[in-house]
Amino acid sequence: MIAQELTAQMSESEGVEFFESNIRPVLVRECYGCHSNQTGQAKGGLKLDTKQSMLLGGDSGPSLVPGDLEESTLWSAINYEDYAMPPNKALPSNVIEDFRIWIESGAPDPRTGDSKLAIRGTVTDEDIKRGKKEFWAFQHPRKSEPPRSARSDWASKPVDQFVLAKLEENHLLPAEDADPHTLLRRLCFDLTGLPPNPEQVSWFLEKWESDPDNAVSHVVDRLLESPRFGERWGRHWLDLARFAESSGKELNSTFPHAWRYRDYVIDSVNEDKPYDHFIREQIAGDLLPTKRDREWTEHLVATGFLAIGPKTLTEQNPRQFRADLIDEQIDVATRVILGISVACARCHDHKFDPIPQSDYYAMAGIFGNTDTYYGTLDIRQNRRSSDLLLMPVSQNLSFNKSLETDDLEKLTDELARVSQEYRELGRLRREARQSKEPSANFQKTQRAFAQAGNRMAGLKAVVDSYEPDGTPKSFCMGVQSNDKPADANLLVRGEVDQPAQKVPRGFVQVIGGKKPKIRSNSSGRLELARWMTDESNPLTARVMVNRIWQHLMGSGLVETTENFGSTGLPPTHPALLDYLAVQFMENDWSIKSMIREIANSRAYRMSSQFNAVAYESDPDNKLLWRASPRRLEAEAIRDAMLDISGKLVLQRPEGSDVARGGSSVVRNGQLANTADLLGQLKSSISMGEQGKASRRRPGMANRRTRNRFSNRDKGPSTDPRAFYRSVYLPVVRDSSPRSLSVFDFAEATMVVGRRETSNTPDQGLYFLNNPMVMELSREFAKQLMEFSDDSMEQVQRAFLIAYGRPATTSELQAAEIFLDDLNVKGSNRQKKMETLTYLCQSIMAAAEFRIVN
């Protein structure tokens, strides 16, 4: 009671006197030997000889949080909880009580010695002004008049006029139009990621004969209206957003709610949400004004863009973890939206672009005032656990079942029992650490303590995910601004323990544009989002238009899609890039309108026919004298195999989430953990054995879940989830499904604007030996046998389904020889089926199946 009164009544001068009399002598005597500038020792990265160094802390975080005992590692250390300091002998109880009084009174400390270091970089104001004035990417795009050409029949649209002018300037001509079969297949794969079916081919051929322009325009409109469009183009954005459902790195803890962000992206693309809105929602959705809870819920989910990146959850130093998290957010925001890597200025001024280190920390101040919620469990191995955001509007999904109140009570009671066990084991562990008993006793207690902590974390996560009546809560990943915004310190060489001067929150100076003022009570994130999407920003529209062009034409007008800086490549058609960027903004930032503009052009319609003269002049086809043949992405190859075999699930059955994969296998794995916990409780109660500790690590991919996204592809089963589109497959870092990884699936730990394209023996072996390929070949053959009993009609149908074109005479002859050699014309239907399966597998394995010409 006396101590509480002393804490409450201590004035500033009394607090300083208390520190000098009761705290400083203990620190000097017991701590400075290992943690001070005077001795040159900083064990664990911790120094205790200045106020600033105590607040900064060491590898385990701030050693001192004034007024908060629980968050002060110094307090837990002198109590021999997580650490034992001093290591040889615990402090007397009266000294520990003095530290309690001091911390709770605000930790008054007169010691100086804080860093007065001020870093001045090499990038000057003059460099920044020169960059704005002279470098093309930092100047505002201008919409010039499309050049005229004598070939007005070919170049009737602005895109074609710009392309043709560049070709004529280099004495080249565009290739002829692609044949209608090739063009329709190109359109279908580019816009939806699926091949055309025979009925679509027949309709298109008929319309093409009378009016090719109208036929193409109609197909483009229909494909843009299809839900498949969002699944295809949403995946392009997920590559950039480094989407995954686990943290990656050493611990690789799962993100069970990442799927909500994936679905948000797909839905936004399908509804043609204006791109500037799309960006603002992902950067600052939690700060945007809304009128309805449902809209705010969507905006919260959108901020998962900033939360979904890879994380080193085993990082001991919370300041280092925080700095790395902010760095990752700066990197993804600037590279994806602005096409510039500001993260290069973390440790020093940017080496090539006029971006000073202070600009990086101006943005670090913005993201440093943001709390990130990614939802990993507080288990012993996870040093950087996180909560989730509770969604304002619950989503009643079929996979998320309510719990009976009796079951919820059992889980709650078990949580209380395990929590008590955890506290008791903590007490025994402290006693064992302080005692002179053999270390084996301490190790045994330590293991039991860790197991109880893990089980408690798993139970708490389950209990907290339900309302008291058993109704499941809806959570999402995302971010929120904190209540006390502050500027960030510039860090010398990016080192968290070497802070220099504070840098006011702000934006990248050289990029320009209308920059809103950041109020003192604002994090600056909403202002950042508005600056990024203002029409005066010279980069945002250019970068997105360039990405759209790349996905349709095979290569961007700026080939280095994430690097519009001085080390990136300049645009091949600068006037065209600017024209499209301005038009993009004029058309309300509509992605579909921009795709429609490009897909209806004659430039898009060109064939991939080789021209030796043009190749000698432009071997990389930078001038666009023909269409560039492209290998399909991994998802399109898998989806095409499912589609032609008739097994692809597209329509969602009533009351089911199958078409979206039941949300996610990763999420379902967490739900399986809930069912397992209930099963264990019921078993233990029936056997009279209360609470056997589970050895499973909560929040990690358990065996059941891992088998569902392991690196092997098994053949399709009766489970319809085996047949949904590849965009809904689980994306667990370091554990991609074989059908995706073998075809250069996007690396989910980084921003991927353009995927690698390899040609390896593994890909051929995949088509030859993979159980999934063999099973789908059998399903494909089954379709053909149901279509006709005639072998040649089956072959013709197979080519039309797989390649979108009829088989040539030579292909029919080769197929006939192949079938004859295997005696397919015998009476044994099973043998016919087996032989036709081999033919179907050969059709899938051919290069034409995975190449778009």
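Me: What percentage of the residues of the chain count as buried?
Reply: Of the 853 residues, 55% count as buried. Keep in mind that this is a predicted model.

Me: And how many helices and strands are there?
Reply: The chain has 35 helices and ten strands.

Me: Of the contacts between residues at least 6 apart in sequence, what percentage join residues at least 24 apart?
Reply: That comes to 70% of those contacts.

Me: Let's pick a helix. Is α11 enclosed or open?
Reply: Helix α11 is largely enclosed by the rest of the structure, because 13 of its 14 residues are buried.

Me: How far apart are the end C-alpha atoms of α11?
Reply: They are 21 Å apart. The helix covers residues 227-240, and at 1.5 Å a residue its 14 residues should span 20 Å, so the two values agree.

Me: What happens at the start of α11?
Reply: A side-chain oxygen of serine 226 comes to within 3.0 Å of the backbone nitrogen of arginine 228.

Me: And just after α11?
Reply: There, arginine 242 has a positive phi of about 45°.

Me: New topic. At what angle do α32 and α33 cross?
Reply: Helix α32 (residues 791-803) and helix α33 (residues 809-821) cross at roughly 125°, and their axes come within 10 Å. That angle makes α32 oblique to α33.

Me: Which residues make the contact?
Reply: From α32 they are Ser791, Met792, Val795, Gln796 and Phe799. From α33 they are Glu811, Leu812, Ala815, Glu816 and Leu819.

Me: Is the crossing of α32 and α33 left-handed or right-handed?
Reply: The crossing of these two helices is right-handed.

Me: What about α31 and α34, how do their axes cross?
Reply: The axes of α31 (residues 771-787) and α34 (residues 829-845) come within 8 Å and cross at roughly 115°. The crossing of α31 and α34 is right-handed.

Me: Which residues are in that contact?
Reply: On α31 they include Val773, Leu776, Phe780 and Leu784. On α34, Met833, Leu836, Cys840 and Met844 are among them.

Me: Last one, serine 76. Where is its place?
Reply: Serine 76 lies in helix α4, which runs over residues 73-78.

Me: Is serine 76 buried or exposed?
Reply: Serine 76 counts as buried, because its relative accessibility is 9%, and the cut-off for buried is under 20%.

Me: Which residues is serine 76 in contact with, leaving aside neighbours within four places in sequence?
Reply: Serine 76 is in contact with Glu81, Asp82 and Tyr83.

Key. Residues numbered from 1 in each chain as written. Predicted model: local features only at pLDDT ≥ 70, side-chain atom pairs only at ≥ 80, totals over all residues. Heavy atoms only, no water. Helix = DSSP H or I, 4+ residues; strand = E, 2+ residues; numbered from the N terminus. Expected span 1.5 Å × (residues − 1). Buried < 20%, exposed > 50% of the residue type's maximum accessible area, 1.4 Å probe, protein only. Polar contact = N/O pair within 3.5 Å; in protein donor to acceptor, adjacent residues only side chain to side chain. Axes fitted to C-alpha atoms, helices over the stretch in contact; angles between N-to-C directions. Parallel < 35°, antiparallel > 145°, perpendicular 65-115°, else oblique. Left-handed = near helix turned anticlockwise from the far one by under 90°. Contact = heavy atoms within 4.5 Å.
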